[in-house]
Amino acid sequence: MHIDSYFSLSNSDLRSADFVIFGIPYDRTQSFRSGSRFAPNEIRIASWNLESYSTFFDVDLECLKVCDAGNVNVDGRFEDVIGNVESFLKDISKRQIIVVLGGEHTISYAVVKALKDNFCYLVFDAHLDLRDSFDNEVYNHACTCRRISELGFDIIFIGARSYTKEELEFARSRGFKIYRDVKFDELEDVLSVYDGIYLSIDFDVFDPAYAPAVSTPEPFGLNPIVMIEFFDRFSKNIVAMDVVEIVQDPSYVTPMLSSKLIFEFMASRSI
Ligand code: MN
Ligand code: MN
C-alpha cells in the first residue's frame, strides 16, 4: 500500500480547502507517559489504512476539499508555539473548518486563543485540566482548561471521571457543566445558546481498552462509538476540533481510532 507523510484525504491547497488539517507536535509537559509529539505523523500514517467512504454518514470523503498543511514549528517555549499557531491561523478563513493533530492538551489553548470566536469549548476528557499550575508551570497539560477559562470561554466537560475537589469547586464556581457520560438531549439544550463549538478530544476520555496509548490512562471510560451520534447531532456547529494526548502506539490502535474519528467528523460536517 502507498503510505505518504500527509493525511490520506489531503487533495487541495490551503486556500481552496474546506477542511484544514495541521499538527502541533508539542509534548513538553506530559506528566506520566510522554511522546505525543509523534502523534500527528502516526495519525497521518493510520489514515492510509482507512477506506475513504463513510458508512455512517453515506459520504464519499474523496469528494471533500481537504488540505493537510503540515506541522507548526514547536521549537522554543510554549509562548513561541502560541505565536506560531496564531500566525498560521491568520491565513485561514472563517468558512474553513480546522482539524488539529496534537500534541499534548496544552496546544488546545494556543488554537482557542488564536481563533477568539464566539464558541463554547466542549471537551471530551477524563480530567478537568483546571489546575492553576502543575509542576511549577502554568502552560501544563493539567492546566489547559483553566487557561482557556481565563480567556472568557464557557467550558463543557464530557466523560470527566478523574479530578481534584479544588478543580470541581472551580468548575462549579464558573457554572461549567460536567458530564461523566454523554447526555445527548440535555446537551442539545446546553449547546443551543452558542454560535459554535470548539471540540477538543483528549483521548483518555475513552476507555483504555479502546485507546490504550494516551499520556494518562484512566479506567471506566467512554466507548468511542458515542462520537458517531455526537457528530450526527452536533457537527454542523463545530468550527474547529483537536485530538490530543495520544502517545506512541506500536499497535496503531489509538492513532487508527483518531484517524477514523477525523474521517467521520469530516463526513458528518459535510452534509
Ligand atoms: Mn486533557
Ligand atoms: Mn485527560
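Me: Which residues are the protein donors of the manganese ion (ligand 1)?
Reply: Happy to walk through this one. This is a predicted model, in which local features need pLDDT of at least 70 and side-chain atom pairs count only at pLDDT 80 or more, while totals for chains, interfaces and linings use all residues. Residues are numbered from 1 along each chain as its sequence is written, and side-chain values use heavy atoms, with hydrogens and water left out. Taking donors as N, O and S atoms within 2.8 Å of the metal (3.2 Å for Na, K and Ca), the protein donors, 2.1 to 2.2 Å from the ion, are His105 (ND1), Asp125 (OD), Asp129 (OD) and Asp202 (OD).

Me: How far apart do the manganese ion (ligand 1) and the manganese ion (ligand 2) lie?
Reply: Good one to check in the viewer. Asp125 bridges the two manganese ions, and their separation is 3.3 Å.

Me: Is Asp125 buried or exposed?
Reply: Buried means under 20% relative accessible area, exposed over 50%, and partly exposed in between (1.4 Å probe, protein chains only). With a relative accessible area of 0%, Asp125 is buried.

Me: Which side chain of opposite charge is nearest to Asp129?
Reply: Lys and Arg count as positive and Asp and Glu as negative, with His and the chain ends not counted. A salt bridge needs a side-chain nitrogen of Lys or Arg within 4 Å of a carboxyl oxygen of Asp or Glu. Asp129 is buried but has no salt bridge, and the nearest side chain of opposite charge, 6.7 Å away, is Arg131.

Technical notes. Chains lettered and ligands numbered in written order.
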